Amino acid sequence: MANDKAKDPMEDAVGTITLQVFRYRPEKEEEPVYETFEVPYQEDWMVLDALNHVKDQMDGSLSYRWSCRMGVCGSCGMSVNGEPVLTCATYIEELLPGPIRIDPLRGFPVIRDLVGDLGDFMEKLQRVKPWIIRAEEEPLEAGAIPQTPGQVEEYRQYSMCINCMLCYAACPIYELEPGFIGPAAIALAQRYNLDSRDDGAEERMEILSRKEGVWDCTLVGECSVVCPKDVDPAGAIQRYKVAATMDWFRSLLTPGRSG
Amino acid sequence: MTSRKEGVSGGNGETSPPSPSAEAGTPEGTIPEEVHAMGDRGEPSAPENPHHTRYHPKWHREPIPITWWTRNRRYAAFILRELTSVLVLYAGVLLLVHLVALSRGPESHAAFQEWLGRPGVVVFHLLVLAGLLYHTVTWLNLAPRAIVPHIRGRRIPPRVVLLAHYLAWFALSAVLLAVLWPTLRG
């Protein structure tokens, strides 16, 4: 890619696409506006490439997040024509003839242009303790804790989450009930709950079994539709609802049991 | 447009060419935009928007329209599934009314049947049936995602869970129909 920089970007362009980009410059304007850019694009360009072209060649003040360009880092999530997507994995050719409307991810307060404040998620993620909790800490010399392939398979799907926040942007509940822990955080809690090495399910239940935990979810299911890693957060939440209900019944039947 | 300084924030994009008027010191150009960027914030300046300062950042929050569920077809399908749950309640109440009519004797039951046979009621109940079928099918199809049972450590395939739900639905409906059919024929 380094060689391409010297080349005229117009050289390989197969056409121009109109971008309608959400602009919010809080020091200047009370309300956001849409700014239109006519961008020459190449055949294999993603929406992110077009944004980078705007920033490099047309308006350097455009703010947005991106890093890896290969669907791994999860930072370039935006709303493209109303659908939350990774802009590095969305072909311009599939959105022809345009125009392409680019908004920040829904559900998060906008700091500037396409940059949302994800602090709320970071705080919620910590509350579900997304790490392995052992009943008793073993010394390092005790060695690794082996797992069978079947045990890995139990949580592998949920471990694929890249925290791209597309599921939060797709979730109308998160918009309407800002207290909701949300899809990715619950899926990640399940990733550890279902790990054979973990003993922290009861600690996590503290937060997950609350209303703003799994019970705010009404199973719209859109989080799983937009997930670029097929994590199926909606499925994780429903599984947890069943588990929490079973646990509640068990605690009814065995009164001596704590919790 | 052209008076803004370059490279404010927003990831690690490559260096931008300097805009010709960035150094021009126009009234707009004197405002260091970095002040309002996400990361390191410099000394606060007098911004054009007095509501946005270094210590009082102004986030934009998009309002949620009451028509949010028209944004895409899947949201609408979800809302329809939720709304048709009212029809499930209605069907339950109808069944209770039917039982009460039965228990009150032949006259009461005959009146109930007469009501059931009215054309308007028949049309309405056909619509209710359509809603009930939509609700049931969309709901049962979600079951394998919520219920992931294990037998002797092995996960039961989602197809089996789905099939079990449909079989249970058909079996219960058949029982209900077998019990109620004689009373409906009069």
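In chain A, 13 residues of domain 1 are in contact with 13 residues of domain 2; two residues count as in contact if their C-beta atoms, placed from the backbone, lie within 7 Å. The model is predicted: local features need pLDDT of at least 70, side-chain atom pairs count only at pLDDT 80 or more, and totals for chains, interfaces and linings use all residues. Residues are numbered from 1 along each chain as its sequence is written, while chains are lettered from A and ligands numbered from 1 in the order in which they are written.

On the side of domain 1 of chain A that touches domain 2, the elements giving two or more residues are E3 and E4 of chain A. E4(A) provides the largest share, three residues. By class, this side has seven nonpolar, five polar and one charged residues. Here Ala, Val, Leu, Ile, Met, Phe, Trp, Tyr, Cys and Pro count as nonpolar, Asp, Glu, Lys and Arg as charged, and the others, Gly among them, as polar.

## Domain bounds

Domain 1 of chain A covers 2-116 and domain 2 covers 119-253, with bounds from an automatic or database domain assignment. Their centres, taken over C-alpha atoms, are separated by 32 Å.

An open sheet of five strands in chain A has the order E2-E1-E5-E3-E4, with mixed pairing. Strands (E, at least two residues) and helices (H or I, at least four) are DSSP runs, numbered from the N terminus; two strands pair if DSSP finds at least two bridges between them. The edge strands of chain A, E2 (33-42) and E4 (83-86), each pair on one side only. From one strand to the next, the twist averages 35°.

Helix H1 (residues 47-58) of chain A packs on the sheet and touches E1 (13-23), E2, E3 and E5 (100-103); its direction makes about 105° with that of E2(A). Axes are lines fitted to C-alpha atoms, for helices over the stretch in contact, and angles run from 0 to 180 degrees between N-to-C directions.

Strand E3 (residues 77-80) of chain A pairs with E4(A) in the antiparallel sense over four bridges. Within this pair, Gly77(A) stands opposite Leu86(A).

Apart from neighbours within four places in sequence, Leu166(A) is in contact with Gly77(A), Pro84(A), Val85(A), Val226(A), Cys227(A) and Pro228(A).

Leu166(A) is also among the members of the 69-residue largest nonpolar core that touch the most other members, a group including Leu19(A), Val47(A) and Ile186(A). Such a core is a set of buried Ala, Val, Leu, Ile, Met, Phe, Trp, Tyr and Cys residues joined through C-beta atoms within 7 Å; a residue is buried if 20 or more other C-beta atoms lie within 10 Å of its own, exposed if 12 or fewer, and partly exposed in between, with C-beta atoms placed from the backbone. Helix H6 (residues 183-193) of chain A gives the largest share of this core, seven residues. Each of domain 1 and domain 2 of chain A supplies at least three residues to this core.
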